[in-house]
Amino acid sequence: MTAPILVIDATTCVGRGVVGAALAAGRTVIATSPDAGALHALQSEHLSARLTALPGSTADDASAEALAGAVRRLRRPLAGIVVAACREPLGGRLLETGSDALQRAFDAVLRPHFATARAFLPL
């Protein structure tokens, strides 16, 4: 069995596509999402022993560390990680965006990526 690909935010539109393509290519996938119901639905769509669903989030450092711990407990080395987060674009010109809106965008987009990198690079 090949090492699995970890798909973070696997229940987004992008994540579902990545999971489907990886499984179609014969890859093993570990799919994560903070939405346990959507994760269950994703697993129901792909009745495959090559898909492992793992509830969890990388929204902040604590959540990302908890998810990384759950992945570690699977004792399966990873072939790669795909962060399939879909966020609403900020829109408008940067110079016309207020600092509060920019901070919210950074928090929504960059913080989860940074938390993911910190927690999962050691894996």
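# A walk through a parallel sheet and its helices

Three bridges join strand 1 to strand 2, and the two strands run parallel. One of the residue pairs involved can be located directly: L6 has I30 as its bridge partner in strand 2. The model described here is a predicted one. Strands of a sheet pair through backbone hydrogen bonds, in either a parallel or an antiparallel manner.

Between these two strands the chain passes through a helix. Strand 1, helix 1 and strand 2 together make a β-α-β unit, and this unit is right-handed. The chain then crosses from strand 2 by way of helix 2 to strand 3, and this β-α-β crossover is right-handed as well.

Strand 2, residues 29–33, also pairs with strand 3 in the parallel sense, over five bridges. Among the residues concerned, S33 has P55 of strand 3 as its bridge partner. The whole sheet can now be considered. It is an open sheet of four strands, arranged in the order 3-2-1-4, with parallel pairing. Strand 3 (51–55) and strand 4 (80–83) stand at the edges with a single partner strand each, and therefore one side of each has no neighbour in the sheet. From one strand to the next, the twist averages 20 degrees.

How many of the residues of strand 2 are buried? Five of its five residues are buried, and the strand is thus described as mostly covered.

Helix 2, residues 36–45, lies across strand 2 and strand 3, and runs at about 175 degrees to strand 3. Helix 3, residues 61–73, packs on the sheet and touches strand 1 (5–8), strand 2 and strand 3. The direction of helix 3 makes about 145 degrees with that of strand 3.

Attention now turns to the loops. D9 lies in the loop between strand 1 and helix 1 (13–24). Is D9 buried or exposed? D9 counts as buried because its relative accessibility is 10%, and the cut-off for a buried residue is under 20%. Leaving aside residues up to four places away in sequence, D9 touches G15, T32, P34, A84, A85 and R87.

R87 has a relative accessibility of 38% and so counts as partly exposed. With residues up to four places away in sequence again left out, R87 touches D9, A108, V109 and P112. R87 and C13 are 74 residues apart in sequence, and their C-alpha atoms are 11 Å apart in space.

Helix 4 contains A115. This residue has a relative accessible area of 1% and is therefore buried. Which residues does A115 touch, not counting those up to four places away in sequence? They are T58, D60, D61 and A64. A115 and T58 are 57 residues apart along the chain, while their C-alpha atoms are separated by 6.2 Å.

The final topic is charge pairing. Side chains of opposite charge can pair when their charged atoms come close. A search of the whole structure finds four salt bridges. One of them joins E45 and R16, with 2.9 Å between the closest N and O atoms. This pair links distant parts of the chain, E45 being in helix 2 and R16 in helix 1, 29 residues apart. E45 counts as exposed because its relative accessibility is 51%, whereas R16 is partly exposed, at 26%.

Another salt bridge joins D61 and R118, whose closest N and O atoms are 3.6 Å apart. Since D61 lies in helix 3 and R118 in helix 4, the pair ties together parts that are 57 residues apart in sequence. D61 counts as partly exposed at 37% relative accessibility, and R118 is partly exposed with a relative accessible area of 48%. D61 is also one of the residues that A115 touches.

A further salt bridge is formed by the side chains of E96 and R93, at 3.4 Å from N to O. Both E96 and R93 are exposed.

Methods: Residues numbered from 1 in each chain as written. Predicted model: local features only at pLDDT ≥ 70, side-chain atom pairs only at ≥ 80, totals over all residues. Heavy atoms only, no water. Pairing = 2+ DSSP bridges. Axes fitted to C-alpha atoms, helices over the stretch in contact; angles between N-to-C directions. Contact = heavy atoms within 4.5 Å. Buried < 20%, exposed > 50% of the residue type's maximum accessible area, 1.4 Å probe, protein only. Right-handed = clockwise from strand over helix to strand, strands pointing away.
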